[in-house]
Amino acid sequence: MMVWILMVLAFAKAYPQQSPPEQTSFSLQEAINYGLENNYQAINAQRDIAKALKQKWETTATGLPQINGEVGYNYNIEVPLSPVPAQFFDPNAQPGEFAAVPFAPKQSANLTATLTQLIFDGSYIVALEASKTFLDFSKNADNKTKLEVRKGIINAYGGVLLTEENVAILSSNLSTIEENLRETTKIFENGLAEEEDVEQLKITRSQLANQLNSAQRQVAISRDMLKLALGIPLETTITLTDDLETLAKENMDMAMTQPELELEKNVDYQIAYNLTEQRRLEYKLERSKSLPSLGAFVNYGINSFGEDFVFLDANNAWFDQSTAGLSLTVPIFSSFGRKAAQDRTKIAWDQAETDLEQQVQQINLDYQRVSSNYQLAIDNYQTSKDNLALAERIENKNSIKFKEGLATSFDLRQAQLQLYSTQSEYLNSMYQVIAEKANLETVLNTPDFINIQD
């Protein structure tokens with residue numbers, strides 16, 4: 001019972017909402033559709049894609065023209081003086097004599113705009129490729145989040161139905177036991193039954209009452225787990241329109257275990273491949289740093305100067321200036337630092353390739369496991385259904401024999417416990433069919449949310 005609760009907690013986190021949702025009645029498919037839009041992790045996964053798109057353009061923009069403006073103002077508190085041979089001003093001055101002359105104005109201002117353009121840089125080319133890979137990774141991560149959210153909703157929805165069915169069965173069993181206890185008590189009071197018969201029924205009634213109380217509390221918890229998965233405030237009342245048995249029958253599809261696994265469609269493989277590509281590009285980036293880079297620039301500006309602040313006067317003179325040029329940077333020697341970085345990233349790439357191979361083996365193993373579990377769940381469902389019919393007949397026969405004095409209270413109790421156990425197994429078998437199919441669909445990437453959106 002706790003397994004599906006933990007799974008939902010792993011993929012849903014509640015935050016308060018300002019207003020209740022418009023939809024409060026859900027079939028399983030409606031719950032999935034609603035949760036994929038409103039589950040908090042699903043929302044943030046979409047934001048991750050939006051961030052990746054922005055980062056891709058951010059990287060692209062670094063290779064496009066860049067324009068920067070600069071405004072400068074200088075005020076010389078003490079105007080610097082420069083030494084000049086004194087003979088420039090006084091013919092009678094002796095050689096080697098100097099005079100201090102101010103060559104800078106008291107105040108100056110300049111306005112400059114500079115256009116730069118990257119012409120060639122190997123790092124930029126690799127960065128563009130890496131940004132696309134990161135975007136693919138974000139999309140695949142979003143797909144995985146949606147698959148896990150979908151699985152969590154299916155488990156939570158089935159868990160609610162399971163607990164509610166369990167309450168209904170326990171209530172029915174308790175009513176039956178209480179009726180049997182009343183009849184047996186009367187028979188005992190008339191001296192036609194033993195006290196042990198009454199005591200056995202009291203024990204069974206107490207156990208059923210405790211189980212019913214626990215099951216009723218579990219219903220509230222399971223409903224809150226579903227609300228968490230859907231992104232609905234816990235105080236909201238929701239109604240489920242599907243029933244457990246119908247869902248179990250609808251989810252029986254042995255054909256799903258027959259086809260071969262398409263490895264490239266598995267979302268874990270796609271993510272592992274993305275990570276391998278990222279390591280490859282990191283290695284490629286370090287190699288590109290050995291290439292020269294070439295850039296161009298052109299700027300235009302105006303400047304003015306004077307002893308007073310006259311730069312805002314309409315009649316003040318401004319002088320034009322402009323420069324254009326190229327900048328070529330050639331890496332020559334880095335004390336083998338670049339070589340070490342290349343070796344390091346090559347090792348990381350090799351590690352990623354090994355991790356990818358391990359992931360391939362793990363995915364194949366997971367597919368075999370979940371496929372086997374799904375087949376077993378279907379088999380267990382049919383077996384539990386047949387066993388339930390047998391247990392009901394056995395319990396009914398022993399109940400009749402007990403009333404006629406042909407069976408002991410111990411025989412009746414054993415038949416009842418067998419029935420209760422079989423009822424629980426039947427309920428769990430239906431839930432397992434639903435849950436195991438969701439596990440199989442997750443491995444098979446069914447549905448593929450990326451392709452659905454595309």
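This report describes helix packing, nonpolar cores and some loop residues in a predicted model.

Residues are numbered from 1 along each chain as its sequence is written, and side-chain values use heavy atoms, with hydrogens and water left out. In this predicted model, local features need pLDDT of at least 70 and side-chain atom pairs count only at pLDDT 80 or more, while totals for chains, interfaces and linings use all residues.

**Helix packing**

Two packed helices are described by the angle between their axes and the distance between the axes. Helices (H or I, at least four residues) and strands (E, at least two) are DSSP runs, numbered from the N terminus. Axes are lines fitted to C-alpha atoms, for helices over the stretch in contact, and angles run from 0 to 180 degrees between N-to-C directions.

| Helix pair | Axes come within | Crossing angle |
|---|---|---|
| α5 (residues 195-230) and α9 (residues 409-444) | 9 Å | roughly 15 degrees |
| α4 and α9 | 10 Å | roughly 170 degrees |

The α4 helix is therefore roughly antiparallel to α9. By class, the contact of α4 with α9 has 11 nonpolar, 11 polar and five charged residues. Here Ala, Val, Leu, Ile, Met, Phe, Trp, Tyr, Cys and Pro count as nonpolar, Asp, Glu, Lys and Arg as charged, and the others, Gly among them, as polar.

Helices α5 and α9, in turn, are roughly parallel to each other. Angles under 35 degrees count as roughly parallel, over 145 as roughly antiparallel, 65 to 115 as roughly perpendicular and the rest as oblique. On the α5 side, the residues making the contact include Glu-196, Leu-201 and Leu-208, and on the α9 side they include Phe-410, Arg-413 and Tyr-420. Contact means heavy atoms within 4.5 Å. Seven nonpolar, five polar and three charged residues make up the contact of α5 with α9.

**Nonpolar cores**

A nonpolar core is a set of buried Ala, Val, Leu, Ile, Met, Phe, Trp, Tyr and Cys residues joined through side-chain atoms within 4.5 Å. Buried means under 20% relative accessible area, exposed over 50%, and partly exposed in between (1.4 Å probe, protein chains only).

The largest core has 54 residues, of which Phe-26, Ile-153, Tyr-157, Leu-226 and Leu-230 touch the most other members. Elements giving two or more residues to this core include α2 (28-38), α4 (122-189), α7 (267-288) and α8 (337-403). The α4 helix supplies the largest share, 14 residues. Neighbours within four places in sequence aside, the contacts of Phe-26 include Tyr-34, Tyr-157, Leu-230 and Ile-238. Another core, of 15 residues, lies apart from the largest one, and Leu-261, Leu-263, Val-360 and Leu-440 are among its members.

**Loop residues**

Leu-192 lies in the loop between α4 and α5 and counts as exposed at 70% relative accessibility. Its C-alpha is 9.0 Å from that of Gly-405, although Leu-192 and Gly-405 are 213 residues apart in sequence.

Most residues other than glycine have a negative phi, and most peptide bonds are trans. Phe-336, in the loop between β8 (319-329) and α8, has a positive phi near 65 degrees. Its relative accessible area is 63%, so Phe-336 is exposed. Asn-445 also has a positive phi, of about 60 degrees, and is found in the loop between α9 and α10. With a relative accessible area of 1%, Asn-445 is buried. Pro-447 lies in the loop between α9 and α10 (449-453), and a cis peptide bond, with omega about 0 degrees, joins Thr-446 to Pro-447.
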